[in-house]
Amino acid sequence: MAENGLLLVISGPSGCGKDTIIHEVLQRLDGEGFLSVSMTTRPKRGEEIHGVHYYFVSEAEFRRNIEDDQMLEFAQYGENFYGTPVGHIRSLLAEGKTVILNIEVTGGKNVRRLLPFAVEIFVAPPSLPELRRRLEHRGTETPEAIEKRMEIAKRELACAKDYDYIVINDALEDAVEDVMAIIRVSKLKTDKMLLKLSEVTDYAES
Ligand code: 5GP
C-alpha cells in the first residue's frame with residue numbers, strides 16, 4: 001500500500017472523547033484529513049447516518065466483505081463486528097492525504113502488524129470514574145451496555161503501552177493540540193522528508 005500520506009490510528013475506550021477530538025482535528029486539517037468510514041453490524045444509534053458515521057450492514061454482508069478481501073482489519077466489540085474497508089484508504093494515502101482510523105485495540109494491533117508505517121495514538125480518559133460519568137452523561141447506552149463498556153475499557157487501557165503516543169483527554173483543547181502536534185511531527189519523519197528532499201535535489205541538478 002502506498003505510504004506517502006499519513007495513516008493515523010486512534011484508539012481509546014468508548015466515552016473517552018475520541019470522536020470529538022477527531023472531529024476537531026479534521027476541521028483543523030481543512031480538507032487534508034479524512035476519517036475512514038467503518039462497516040459495522042451494530043444497529044444505528046440516534047442521529048447516525050449510513051455512509052457517514054458507519055456502513056450499517058447485516059452480519060452476512062459483513063462476512064461477505066471479509067471473504068472478498070475488502071477489509072484491512074476487523075474485530076468483534078461487545079456483540080457486534082466492526083471493520084475497516086480498504087479501498088478508499090489506499091487511494092487517499094496515494095494522494096498524500098492524512099487518513100484517520102477510529103478503531104478499537106484489536107484493530108490497532110492488526111494495523112500495526114500489517115502497515116507498520118501507521119502512527120498510533122491511544123486516547124485515555126483522566127480516570128475510570130470520569131469515563132463512567134461521560135458514558136452516563138452521553139445517554140446512548142443502557143446501564144448494562146455501560147457496564148460492558150467499562151469492562152472493555154479496563155482491558156483496552158492495558159493496551160495503551162503498545163501505542164506510539166498516549167494522549168490524555170482531560171481538557172479537550174489540549175488533547176486536540178496534542179494530536180495536531182503528533183500529526184505535524186509525523187509528517188517530518190525522515191522517510192516522508194526524503195521523498196520531498198529528492199524533489200529538491202532533482203530540481204537543483206536540472
Ligand atoms: P461504537 O459502537 O461506540 O461506535 O464503537 C465501538 C468501538 O468500535 C470503538 O472503540 C470504535 O473505535 C471501534 N471501531 C469502530 N470502527 C471500527 C473498525 O473499523 N475496526 C475496529 N477494529 N474497531 C472499530
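Modeller: A residue is called buried under 20% relative accessible area, exposed over 50%, and partly exposed in between, with a 1.4 Å probe and protein chains only. By that scale His 137 is exposed, because its relative accessible area is 65%, and its place is in helix H5, which is the part I would like to follow here. The model is predicted, so local features need pLDDT of at least 70 and side-chain atom pairs count only at pLDDT 80 or more, while totals for chains, interfaces and linings use all residues. Residues are numbered from 1 along each chain as its sequence is written, and side-chain values use heavy atoms, with hydrogens and water left out.

Helix H5 covers residues 128-138, where helices (H or I, at least four residues) and strands (E, at least two) are DSSP runs numbered from the N terminus. Four residues of H5, namely Glu 130, Leu 131, Arg 134 and Leu 135, are buried. Viewed down the axis of H5, these buried residues fall within an arc of 140°, so they line one face of the helix; the arc is that of the directions from the helix axis to the C-beta atoms. An α-helix has 3.6 residues a turn, so residues three or four places apart point the same way. The face of H5 turned away from the buried side carries the exposed residues Pro 129 and His 137.

The ends of H5 deserve a separate look. At its start, a side-chain oxygen of Ser 127 comes to within 3.1 Å of the backbone nitrogen of Glu 130, a residue that is itself buried. After the helix comes Gly 139, which has a positive phi near 70°.

The buried residues of H5 pack against helix H6, residues 143-157. Contact here means heavy atoms within 4.5 Å, and on the H5 side Leu 128, Leu 131, Arg 132, Leu 135, Glu 136 and Arg 138 meet Ile 146, Glu 147, Arg 149, Met 150, Ala 153, Lys 154 and Leu 157 of H6. The axes of the two helices come within 11 Å and cross at roughly 145°, where axes are lines fitted to C-alpha atoms, for helices over the stretch in contact, and angles run from 0 to 180 degrees between N-to-C directions. H5 passes H6 in a right-handed crossing; a crossing is right-handed if the near helix is turned clockwise from the far one by less than a right angle, and left-handed if anticlockwise.

Returning to His 137, its C-alpha lies 9.5 Å from that of Gly 15, although 122 residues separate the two in sequence.

Most residues other than glycine have a negative phi. Asp 30, however, has a positive phi near 50° without being a glycine, and Asp 30 sits in the loop between helix H1 (18-29) and E2. Asp 69 is not a glycine and has a positive phi of about 60°, and its place is the loop between helix H2 (59-67) and strand E5 (71-77). Asp 30 is exposed, with 65% relative accessible area, and Asp 69 counts as exposed with a relative accessibility of 64%.

How values were computed:
Polar contact = N/O pair within 3.5 Å; in protein donor to acceptor, adjacent residues only side chain to side chain.
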